[in-house]
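Have the model open and follow along.

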Amino acid sequence: MTTNIQQLMKMGQQLQNRIKELQDSLQTEELVASSGGGMVTARVTGKGDLKSVTIDREVIDPEDPEMLEDLVVAAVAEAQKRARDFSEERMRGAAGGLPVNLPGLF
């Protein structure tokens, strides 16, 4: 029985190490989303941290700043959603189907 517990603890440690490595690698991954037919583009890390926003000059209208604000928010929100989905997918893969939010494991 002690061997089973030791094996389980070793597996837990290995899982924790794989997930830590994955979390570290997410910082170097980049995901991109755009809005307004590509007029505004947002780039985020795999963790969802905003890296840059690119705005096409054609969409800049001094008479309608709200439209540009909405396009920026939409592009950033979509890029961050893609980062969350990407991260969750990678975490599930690293965990081998086990739930990655086990209490006490992380």
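Accessible areas here come from the Shrake-Rupley method with a 1.4 Å probe. On that basis the chain shows about 7400 Å² of accessible surface, and 52% of this belongs to carbon and sulfur atoms. Keep in mind that this is a predicted model.

**Layout**

The chain has two helices and three strands, and reading from the N terminus the order is α-β-β-β-α. Of its 106 residues, 25% count as buried. As for contacts with a separation of 6 or more, 48% come from residues 24 or more positions apart.

How are the three strands arranged in the open sheet? They run in the order 1-2-3, and the pairing is antiparallel. Strand 1 (30-35) and strand 3 sit at the edges, each pairing on one side only. On average, neighbouring strands are turned by 15° against each other, direction ignored. Strands of a sheet pair through backbone hydrogen bonds, in either a parallel or an antiparallel way. In this sheet, strand 1 and strand 2 are joined in the antiparallel sense by six bridges. If you want a landmark for that pairing, Leu 31 stands opposite Val 44 in strand 2.

Is Thr 45 buried or exposed? Buried means under 20% relative accessible area, so Thr 45 counts as buried because its value is 1%. Leaving out neighbours within four places in sequence, Thr 45 is in contact with Leu 26, Gln 27, Glu 29, Glu 30, Leu 31, Lys 51 and Ala 83.

Ile 55 belongs to strand 3 (residues 50-55), and at 33% relative accessibility Ile 55 counts as partly exposed.

**Salt bridges**

Side chains of opposite charge can pair when their charged atoms come close. A search of the whole structure turns up five salt bridges.

| Salt bridge | Closest N and O atoms |
|---|---|
| Asp 24 and Lys 20 | 3.0 Å |
| Arg 82 and Glu 78 | 3.1 Å |
| Asp 85 and Lys 81 | 2.8 Å |

Where do Asp 24 and Lys 20 lie? Both are in helix 1 (residues 2-26), four residues apart, about one turn of the helix. Each end is partly exposed: Asp 24 has 43% relative accessibility, and Lys 20 has 47%.

Helix 2 (residues 65-95) holds Arg 82 and Glu 78, and because they are four residues apart there, about one helical turn separates them. Arg 82 is partly exposed with a relative accessible area of 38%, and Glu 78 is also partly exposed, with 29%.

Asp 85 and Lys 81 are in helix 2 too; they are four residues apart, so about one helical turn lies between them. Asp 85 is partly exposed at 36% relative accessibility, while Lys 81 is partly exposed with a relative accessible area of 37%.

Methods: Residues numbered from 1 in each chain as written. Predicted model: local features only at pLDDT ≥ 70, side-chain atom pairs only at ≥ 80, totals over all residues. Heavy atoms only, no water. Buried < 20%, exposed > 50% of the residue type's maximum accessible area, 1.4 Å probe, protein only. Contact = heavy atoms within 4.5 Å. Pairing = 2+ DSSP bridges. Axes fitted to C-alpha atoms, helices over the stretch in contact; angles between N-to-C directions. Salt bridge = Lys/Arg side-chain N within 4 Å of Asp/Glu carboxyl O.
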